[in-house]
Amino acid sequence: MYTVEAMSCLFCKIVEGSIPSTAVFQDDRVYAFADINPQAPVHVLIVPREHIASLDETDASQRALLGHLLGAAAEIARTKKLGKGYRVVVNIGPDGGQTVDHLHLHLLGGRAMTWPPG
Ligand code: 5GP
Ligand code: ZN
């Protein structure tokens, strides 16, 4: 069952395979793929298979899924040998810099990061 919102969602289309992507990791709840415009040598997007517009749209019933997304990021980082460190980012809403309205984690690594972010 798809909502109208999900039918027009770029990342839902990537999850279902109608828009191609380079898969990095997947299981029953999560799909991870290479960012099309990488900001670091490793730049992976980790998304829930179900359509959730943003972190701000989640509630207590989705906390296990949120933990699962974060755990997937750590697992991918280990696979990518990012032992020196990496960054996990979630952009939320216009001020947070979110451009795709389907919850996603950015996993960035392979170079030293700077702080604060822009
Ligand atoms: P946001 O700005 O919403 O946090 O991040 C959206 C990310 O999605 C950006 O880093 C952007 O490069 C990536 N992106 C946008 N369109 C596509 C696409 O069609 N394929 C892939 N693999 N990444 C995309
Ligand atoms: Zn979606």
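Student: What makes the pair formed by an oxygen atom of ligand 1 and a backbone atom of Thr 99 a polar contact?

Tutor: The oxygen of ligand 1 is 2.7 Å from a polar backbone atom of Thr 99, and a polar contact is a pair of N or O atoms within 3.5 Å, so this pair qualifies. The model is predicted, so local features need pLDDT of at least 70 and side-chain atom pairs 80 or more, while totals for chains, interfaces and linings use all residues, and side-chain values use heavy atoms, without hydrogens or water. Residues are numbered from 1 along each chain as written, and chains are lettered from A and ligands numbered from 1 in the order written.

Student: Which atom of Asn 91 lies 2.8 Å from ligand 1?

Tutor: A polar side-chain atom of Asn 91 lies at that distance from an oxygen of ligand 1, whereas Ile 36 uses a backbone N or O atom, 3.3 Å from a nitrogen of the ligand.

Student: How much of ligand 1 does the protein bury?

Tutor: Taken alone, ligand 1 exposes 520 Å² (Shrake-Rupley method, 1.4 Å probe), and the protein buries 83% of that. Helix H2 (10–16) and strand E2 each give two or more residues to the shell around the ligand, and H2 gives the most, with three.

Student: Why are E1 and E2 called paired strands?

Tutor: Strands pair if DSSP finds at least two bridges between them, and E1 (residues 23–26) and E2 (residues 30–34) have three, in the antiparallel sense, so they are paired. In E2, Tyr 31 is the bridge partner of Gln 26.

Note on methods:
Helix = DSSP H or I, 4+ residues; strand = E, 2+ residues; numbered from the N terminus. Polar contact = N/O pair within 3.5 Å; in protein donor to acceptor, adjacent residues only side chain to side chain.
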